Structures are given as structure tokens and as C-alpha cells.
Amino acid sequence: MALLKGKGAMTGVNLIAKVYKNGITKDGKSQYADVQLDARDPRGPEQTNLHLKSDQVQGEDGKVRYNNGVPYSTGQMEEIIKAAGPNTEPILNKDGNEVGTIYGFKGNVMPATRGTGLVVNTKSIVASEFKVDAKTLDNQFASTRAAHEARAAAKESLAPAPEAKQEQAAEAEANEPAVG
């Protein structure tokens with residue numbers, strides 16, 4: 001889940017919403033959306049997870065998956081669509097069929113009152129500073145991958161290298177008095 005800490009970190013956030021056509025609830029009153037911090041937002045590059053909500057769930061097959069969807073009411077979805085305006089891009093499946101839409105917008109986020117994660121305050125949304133296009137989702141993945149790699153490299157630079165550990169152990173043995 002995206003971590004937004006510090007004064008003003010949750011205001012004026014550039015976001016994207018992945019909304020699938022099959023994400024409408026049975027009663028038709030809500031639509032599930034995977035809202036993410038736009039990787040191009042100044043708060044995005046160091047994030048290893050851009051989703052506003054990300055819960056681990058274990059599937060029937062035993063595999064761990066992540067649930068990133070949050071239900072937004074029909075009225076809230078209308079606000080997101082209105083704020084995004086023409087800043088949209090179709091989501092295509094592997095066969096090239098449209099299965100949803102990506103919306104780019106900007107707004108304030110807040111902790112969810114029910115469940116985990118963050119949600120969008122749809123009363124505060126406006127057009128995004130960034131244009132969504134066919135490469136937007138690829139850029140989201142690339143940004144999180146780069147953040148993971150940077151974090152791993154930082155951890156590795158803090159830990160002594162394996163050769164250094166071996167040299168320290170050899171020095172310690174050499175400095176021990178011989179017992180005989």
C-alpha cells in the first residue's frame with residue numbers, strides 16, 4: 001500500500017483509477033476501483049507499492065494474491081469520471097478486448113473508515129497534472145520495480161559484504177592466542 005507520510009502528503013495527489021467493467025456490485029450501487037498513486041507524482045518514485053489499498057488474500061488454490069479494489073458509490077465514480085474528463089485510456093485484455101478504463105485525476109486521500117488502506121475524497125478531485133496513455137500501467141510497474149531494486153541495493157550497501165565477514169573472522173582467529 002502506498003505510504004503517504006508528513007504534512008500535506010495526502011492532499012493534491014495525482015492518482016489513476018483502474019476500473020473494470022465487471023467490478024460493478026450486484027445491486028448496481030457501487031463500482032470497485034483500484035486507485036493508485038500516479039508514479040509520476042513527486043511522492044511516487046520511492047513507493048514500492050502504489051495502490052491505495054493492498055490486502056493479501058489466499059485463493060482457493062493456495063496462492064497468495066492481492067486485493068486492491070475499493071468500492072466507490074455510483075455518485076463517487078461519476079465524480080472521478082467527471083474529474084478525469086478526456087484523461088482516460090482503455091484497459092485491454094490479452095485478446096485486445098476492452099475490459100475497463102484507466103482514469104487520471106488528482107485529489108485528496110484519507111484513511112478508510114471501513115477496512116484498510118486509503119480512499120479518495122471524491123469531493124476534492126480535479127483533473128490530473130499527468131496524461132494517462134497506453135504506457136501508464138507499464139510505467140507504474142517499472143516505478144515500483146525500480147523502488148524495490150533501490151531499496152534492496154540500499155539494504156545490501158548497509159550489510160557487510162560476505163568477503164568482509166570472512167576476512168573479519170580470519171583476523172579474529174589470527175589474533176586469538178594459541179592454546180597448546
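This is a predicted model: local features need pLDDT of at least 70, side-chain atom pairs count only at pLDDT 80 or more; totals for chains, interfaces and linings use all residues.
What gives the most to the lining of the largest pocket? The answer is strand β8, with five residues. The close-ups below build up to that pocket.

View 1. Residues are numbered from 1 along each chain as its sequence is written, and side-chain values use heavy atoms, leaving out hydrogens and water. Helices (H or I, at least four residues) and strands (E, at least two) are DSSP runs, numbered from the N terminus. Along the sequence, the pattern reads β-β-β-β-β-α-β-β-β-α-α. The protein chain has 180 residues, and 36% of them are buried. Buried means under 20% relative accessible area, exposed means over 50%, and partly exposed lies in between (1.4 Å probe, protein chains only). Take the contacts (heavy atoms within 4.5 Å) between residues at least 6 apart in sequence: 58% of them join residues at least 24 apart.

**View 2. Strand β7 pairs with β1, β6 and β8.** Two strands pair if DSSP finds at least two bridges between them. Eight bridges link β7 (residues 98-111) to β1 (residues 13-24), and the two run antiparallel. Here Tyr-20 faces Gly-100 of β7. β6 (residues 88-92) is also antiparallel to β7, with five bridges. Glu-89 has Ile-102 as its bridge partner in β7. On β8 (residues 118-127), six bridges join an antiparallel pair with β7. There, Met-110 is bridged to Val-119.

**View 3. Two hairpins include β7.** In the hairpin of β6 and β7, five residues sit between the strands. Gly-96 takes a positive phi near 85° in this hairpin. Six residues separate β7 from β8 in their hairpin. In that turn, Gly-115 has a positive phi of about 85°.

**View 4. Thr-101 is a buried residue of β7.** Thr-101 counts as buried because its relative accessibility is 16%. What does Thr-101 touch, not counting residues up to four places away in sequence? Its list holds Ala-17, Lys-18 and Val-19, and also Thr-88, Glu-89, Pro-90 and Ile-91.

**View 5. The largest nonpolar core has 26 residues.** Leu-15, Val-35, Tyr-72, Phe-105, Val-109 and Val-120 have the most contacts inside it. Two or more residues of this core come from each of β1, β2 (30-37), β5 (70-73), α1 (74-84), β7 and β8. A second, separate core has five residues, among them Ile-91, Ile-102, Val-132 and Leu-137. A nonpolar core is a set of buried Ala, Val, Leu, Ile, Met, Phe, Trp, Tyr and Cys residues joined through side-chain atoms within 4.5 Å.

**View 6. The largest pocket holds about 470 Å³ of space.** Of its 23 lining residues, Val-70, Pro-71, Thr-113, Arg-114 and Val-119 are the closest to its centre. A pocket is an open set of points on a 1 Å grid over the protein atoms alone, where a 1.4 Å probe fits, with protein on both sides within 12 Å along at least five of seven lines; lining residues have an atom within 4 Å of a point. Its volume is the space filled by probe spheres set on the points, which are joined across faces, edges and corners. β2, β5, β7 and β8 each supply at least two lining residues. The lining has nine nonpolar, ten polar and four charged residues. Ala, Val, Leu, Ile, Met, Phe, Trp, Tyr, Cys and Pro count as nonpolar, Asp, Glu, Lys and Arg as charged, and the others, Gly among them, as polar.

**View 7. The second largest pocket has a volume of about 180 Å³.** Its lining includes Lys-18, Tyr-20, Asn-22 and Gly-23, as well as Tyr-32, His-51 and Tyr-66. β1, β2 and β4 (64-67) each give two or more residues. The largest share, four residues, comes from β1. Four lining residues are nonpolar, six are polar and two are charged.

**View 8. Pro-45 lies in the loop between β2 and β3 (55-58).** At 47% relative accessibility, Pro-45 counts as partly exposed. Leaving aside neighbours within four places in sequence, Pro-45 contacts Ala-39, Ser-143 and Ala-147. Pro-45 and Ala-142 are 97 residues apart along the chain, yet their C-alpha atoms are separated by 9.8 Å.
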